[in-house]
Amino acid sequence: MHFISEDLENYSALHSENEPELLTQLNRETHQKILQPRMLSGHFQGRVLSMISKLVNPQHILEIGTYTGYAALCLAEGLTENGTLDTIDINEELYDFQKKYFDRSQWKSQIKQHLGNAIDIIPKLDKKFDLVFIDADKENYVNYFNIIVPLMNKGGIIISDNVLWSGKVLEPVKPNDTSTKVLIEYNKLLKEDPRVETVLLPIRDGLTVSRAI
């Protein structure tokens with residue numbers, strides 16, 4: 001779903017920073033070989049993630065939901081010299097694809113892939129985070145948030161993707177539509193939780209930026 005016209009989206013992308021060549025190649029190969037390529041962050045959203053990361057200049061980044069690694073590489077652009085990025089995904093079939101592109105990047109030694117359930121993995125990381133990107137199974141967004149908030153450094157940023165869910169958050173919710181129910185609950189939580197301050201941006205499928213207080 002496009003919340004602004006495709007022409008305006010394209011104009012926005014054309015007047016933003018160019019997509020780095022490695023990400024152009026990753027984008028192309030994802031569309032050629034991987035199921036559901038629309039899950040990819042893509043050029044414009046990727047530059048938004050890169051800009052936020054550069055503004056934060058994080059020591060430690062956490063990503064929940066790696067997919068093919070596009071967003072991770074965008075977020076890595078803002079890492080401090082000795083910073084780390086932990087990225088978690090449950091799909092083992094994508095692990096080697098991700099690693100191929102991570103290994104070709106300048107952040108090869110700073111990106112750590114984790115395979116499995118994020119709810120189990122996050123508590124074992126033993127880190128405080130400056131930047132977190134949530135882009136995984138929507139049913140667990142509230143659970144992820146409640147695990148992550150105590151692990152945030154003050155002023156740290158949590159970015160949540162797909163929070164407008166193709167506009168379904170405004171429609172009557174079907175009884176079996178768990179994802180939409182949870183996202184509505186999640187958006188309300190981010191607005192009301194005193195531990196964060198939040199702005200919801202209508203970028204692509206909705207991107208929330210929350211700052212830990």
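Q: In which loop is the place of K138?
A: This is a predicted model, where local features need pLDDT of at least 70 and side-chain atom pairs count only at pLDDT 80 or more, while totals for chains, interfaces and linings use all residues. Residues are numbered from 1 along each chain as its sequence is written, and side-chain values use heavy atoms, with hydrogens and water left out. Helices (H or I, at least four residues) and strands (E, at least two) are DSSP runs numbered from the N terminus. K138 sits in the loop between β4 (129–134) and α7 (141–148).

Q: Is K138 buried or exposed?
A: Here's the scale: buried is under 20% relative accessible area, exposed is over 50%, and partly exposed is in between (1.4 Å probe, protein chains only). K138 has 7% relative accessibility, so it counts as buried.

Q: Which residues does K138 touch, not counting those up to four places away in sequence?
A: Touching means contact, that is, heavy atoms within 4.5 Å. With residues up to four places away left out, K138 touches D161, N162, W165, S179, V182 and L183.

Q: Which residue's side chain is joined to the side chain of K138 by a polar contact of 2.8 Å?
A: A polar contact is a pair of N or O atoms within 3.5 Å; within protein, one must be able to donate a hydrogen and the other to accept it, and residues adjacent in sequence count only if both atoms are side-chain atoms. A polar atom of the K138 side chain lies 2.9 Å from the backbone oxygen of A136. The side-chain partner at 2.8 Å is N162.

Q: How are α7 and α8 oriented to each other?
A: Axes are lines fitted to C-alpha atoms, for helices over the stretch in contact, and angles run from 0 to 180 degrees between N-to-C directions. The axes of α7 and helix α8 (residues 178–192) come within 9 Å and cross at roughly 30 degrees. Angles under 35 degrees count as roughly parallel, over 145 as roughly antiparallel, 65 to 115 as roughly perpendicular, and the rest as oblique. That's why α7 and α8 are described as roughly parallel.

Q: How many nonpolar residues does the contact of α7 with α8 have?
A: On the α7 side you'll find Y141, V142 and F145, and on the α8 side V182, L183, E185, Y186, L189 and L190. For the classes, Ala, Val, Leu, Ile, Met, Phe, Trp, Tyr, Cys and Pro count as nonpolar, Asp, Glu, Lys and Arg as charged, and the others, Gly among them, as polar. This contact has no polar residues, one charged residue and a nonpolar count of eight.

Q: Which residues is T180 in contact with, leaving aside its neighbours within four places in sequence?
A: T180 lies in helix α8. With a relative accessible area of 1%, T180 is buried. Beyond those sequence neighbours, T180 is in contact with W165, K168, V169 and V173.

Q: How are α2 and α5 oriented to each other?
A: Helix α2 (residues 21–33) packs against helix α5 (residues 95–103) at about 160 degrees, with axes 11 Å apart. The two helices, α2 and α5, are therefore roughly antiparallel.

Q: Which residues of α5 make the contact with α2?
A: From α2 come L22, Q25, L26, E29 and T30. The residues of this α2 and α5 contact divide into four nonpolar, two polar and two charged. On the α5 side, the residues are F97, K100 and Y101.

Q: What is phi of Y67 near?
A: Y67 is in the loop between β1 (60–64) and α4 (70–76). At 10% relative accessibility, Y67 counts as buried. Y67 is a residue other than glycine, yet its phi is positive, near 50 degrees.

Q: Is R204 buried or partly exposed?
A: R204 is in the loop between β6 (196–201) and β7 (207–212). Its phi is a positive value near 50 degrees, in a residue other than glycine. With a relative accessible area of 30%, R204 is partly exposed.

Q: Which residue's side chain makes a polar contact with the side chain of S210?
A: S210 is in strand β7 and, at 0% relative accessibility, counts as buried. Apart from neighbours within four places in sequence, S210 is in contact with G156, I157, I158, L190, V196, E197 and T198. The polar contact, at 2.8 Å, is with the side chain of T198.

Q: How far apart in space are L35 and T198, C-alpha to C-alpha?
A: L35 is in the loop between α2 and α3 (42–56). At 74% relative accessibility, L35 counts as exposed. L35 and T198 are 163 residues apart in sequence, and their C-alpha separation is 32 Å.
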